[in-house]
Amino acid sequence: MAGAQTDEPSRRPIPLTNSTKSPRTERGERTRRKILDAARAEFGSRGFADTGITEITRRAKVALGTFYTYFDSKEEVFRALVRDMSEQVKVAVAPAFAEERGTLASEGKALAAFLAFVREHQQVYRIIDEAEFVDPEGFRTHYETTAARIGERLEEGSAAGQMTGAADALERDVRAWAVMGMNVFLGLRFGVWGKEDPQAVADIANRLISDGLKR
């Protein structure tokens, strides 16, 4: 997995499960953002086991006590980071559905946006993969909510006559998880490992979905 980048634009973090430690001021939000960004860089380059709170605070340029103002442990900041990165992916692809939600064209734009996001945030793969063992609930939630969003869009496309409909709930789930699985591995191959044009990759993937593999 590629090394961490530290010059990415900051994004507002989503709330902690421990609301007593949620920032109450804009300055607190910025400090928590710095800690999350530093945690992403450290976990993304070192992995969870080899990253300590000291490395996170050193990169964030905050005191150790400041870390504990917002997080109780390394495990908690990791869980918050998984939720935060999942939300960032959602935000990154959202513009693709601004005008033509429920169409193959919008799914292609969303995939292209996801590939571009991964190329700039390559740590997402290592962090989400490690979440299976460090934060299994967050790992499962990340994929379940992503698949649910895809399923909703496919259903909307079906209702609008843009796509064929699912025969039952099982088919709806299979379709949503299949599309998500394709996107995940295309992100790995063409976002982390490759430099091909994201839209070109998305167009090819969309033709596969649209036309299938039948002769």
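Student: What is the handedness of the crossing of α1 and α2?

Tutor: The crossing of α1 and α2 is right-handed. Keep in mind that this is a predicted model.

Student: How is such a pair of helices described in general?

Tutor: Two packed helices are described by the angle between their axes and the distance between those axes. Here, helix α1 covers residues 26-46 and helix α2 covers residues 53-60; their axes come within 8 Å and cross at roughly 125°. Angles of 65 to 115 degrees count as roughly perpendicular and those over 145 as roughly antiparallel, so α1 and α2 are oblique to each other.

Student: Which residues of α1 and α2 make the contact?

Tutor: From α1 come K34, I35, A38, A39, A41, E42, F43 and R46, and from α2 come E55, I56, R59 and A60. By class, this contact of α1 with α2 holds 7 nonpolar and 5 charged residues, with no polar ones.

Student: At what angle do the axes of α4 and α5 cross?

Tutor: Helix α4 (residues 74-93) and helix α5 (residues 104-120) have axes that cross at roughly 130° and come within 8 Å. By the cut-offs already given, α4 and α5 are therefore oblique to each other. The crossing of α4 and α5 is right-handed. On the α4 side the contact is made by Q88, V89, A92 and V93, and on the α5 side by A110, A113, F114 and F117.

Student: How do the residues of the contact of α4 with α5 divide by class?

Tutor: They divide into 7 nonpolar and 1 polar, with no charged residues.

Student: Is E107 of this model buried or exposed?

Tutor: Burial is read from relative accessible area, and under 20% counts as buried. E107 lies in helix α5. Its relative accessibility is 9%, so E107 counts as buried. Setting aside residues up to four places away in sequence, E107 touches F97, R153 and N206.

Student: Which residues is L115 in contact with, leaving aside its neighbours within four places?

Tutor: L115 is also placed in helix α5. Apart from those neighbours, it is in contact with L186, G187, F190, G191, P198 and V201. L115 has 1% relative accessibility and therefore counts as buried. As for E75, it is 40 residues from L115 in sequence and 28 Å from L115 in space, C-alpha to C-alpha.

Student: What is the relative accessible area of A148?

Tutor: It is 34%, which means that A148 is partly exposed. A148 is found in helix α7, residues 136-159. Between A148 and A49 there are 31 Å, C-alpha to C-alpha, at a separation of 99 residues in sequence.

Student: How many helices and strands are there in the protein?

Tutor: There are 9 helices and 0 strands. Read from the N terminus, the order of elements is α-α-α-α-α-α-α-α-α.

Student: What share of the residues of the protein count as buried?

Tutor: Of the 215 residues, 46% count as buried. For sequence range, take the contacts between residues at least 6 apart in sequence: 68% of these join residues at least 24 apart.

Definitions and conventions
Residues are numbered from 1 along each chain as its sequence is written. This is a predicted model: local features need pLDDT of at least 70, side-chain atom pairs count only at pLDDT 80 or more; totals for chains, interfaces and linings use all residues. Side-chain values use heavy atoms; hydrogens and water are left out. Axes are lines fitted to C-alpha atoms, for helices over the stretch in contact, and angles run from 0 to 180 degrees between N-to-C directions. Helices (H or I, at least four residues) and strands (E, at least two) are DSSP runs, numbered from the N terminus. Angles under 35 degrees count as roughly parallel, over 145 as roughly antiparallel, 65 to 115 as roughly perpendicular and the rest as oblique. A crossing is left-handed if the near helix is turned anticlockwise from the far one by less than a right angle, and right-handed if clockwise. Contact means heavy atoms within 4.5 Å. Ala, Val, Leu, Ile, Met, Phe, Trp, Tyr, Cys and Pro count as nonpolar, Asp, Glu, Lys and Arg as charged, and the others, Gly among them, as polar. Buried means under 20% relative accessible area, exposed over 50%, partly exposed in between (1.4 Å probe, protein chains only).
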